[in-house]
Amino acid sequence: MGLKLVKYSCQICEYDKNKQMHSETFNDDKFEYVICKRCSFVSQANCHDKQKYLNLPYQTQTNYEEHSKNRADYIYDFSREYLGYDIDVFDVGCSRGGVMKYFKEIVSDIKISGCTVLGEDEEVISSDLNIINGDFDYLMFNKKYDFIIMSHVLEHFIDLRKTLRKLKTIMKNSSKVYIEVPYLDYLKVRLSFEFSPEHISYFTPHSLKNLLLSEGFDILKIKDSKYWGNIKVIVTLNNSEEKIVFT
């Protein structure tokens, strides 16, 4: 069957010409992925309601403790030059809190909290952790944070710009954010499949840069990894009037 066009405007550049890349069916629900013909951003064109995504199964690690420690080390190694002492850290989409637990051990004198949407059978890894069970997009915050982690979270949000604008409300002018997402070109590096219905968006360094810059962030550091199949970036706020050209 040939590829077909889907009526959809790109979330990043608002271009309405695209090409269908993949169609996945799970529990009679269809998830269609398209690629923008202007900026090459890949995302689902027929997004469902949020609860449907929350009910989807997702991949878990067999050894959560060991995986969490390795992830905390990995994030710290990339971010260490932007971390200080006595800082407030927030982990968006922290799952059971594994990275929070070990990040607190690595970085001295930090206060760390996070948010997630826990499944019925899920429990946080430690009762000492300050974790809000709720959707980041709809939580009310009364403080701002020095360092924010969004590790393999952004691709799960339906409205990327809405989420990034919410992110800016909990940032100080000096805040730094660590963002990590799957890299479209390297999806099969560590997985036996390319597309998962719970992943609404897939990025390249080009599309991720365009999204972040056009939403008023300054990119301090960015790196992609074929081995890990990801893109990771450190951003801060940028209030300049610079316009982004999509090519």
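## Strand β11 and its two partners

V177 has V235 in β11 as its bridge partner. Another pair in β11 is V233, with I179 standing opposite. Strands here are DSSP runs of E of at least two residues, and helices are runs of H or I of at least four, both numbered from the N terminus. Two strands count as paired if DSSP finds at least two bridges between them.

Strand β10 (residues 217-225) also pairs with β11, antiparallel and over eight bridges. Here I219 is the bridge partner of V235. β10 and β11 form a hairpin with four residues between them, and G229 in the turn has a positive phi of about 65°.

## Basis of the model

The model is predicted: local features need pLDDT of at least 70 and side-chain atom pairs count only at pLDDT 80 or more, while totals for chains, interfaces and linings use all residues. Residues are numbered from 1 along each chain as its sequence is written, and side-chain values use heavy atoms, with hydrogens and water left out.

## Burial of β11 and β8

Strand β11 (residues 230-237) has eight of its eight residues buried, so it is largely enclosed by the rest of the structure. Buried means under 20% relative accessible area, exposed means over 50%, and partly exposed lies in between (1.4 Å probe, protein chains only). β8 is mostly covered, with nine of its 12 residues buried.

## The crossover from β7 to β8

Strand β7 (residues 145-151) runs parallel to β8, and six bridges join the two. Y145 stands opposite M171 in β8. From β7 the chain passes through helix α4 (residues 160-169) to β8, a β-α-β crossover that is right-handed. Right-handed means that, with the strands pointing away from the viewer, the path from the first strand over the helix to the second runs clockwise.

## The four-stranded open sheet

An open sheet is formed by four strands in the order β1-β2-β3-β9, with antiparallel pairing. β1 (18-26) and β9 (201-202) stand at the edges with a single partner strand each, so one side of each is left without a neighbour in the sheet. β1 runs antiparallel to strand β2 (residues 29-36), and eight bridges join them. In this pairing N18 stands opposite C36 in β2.
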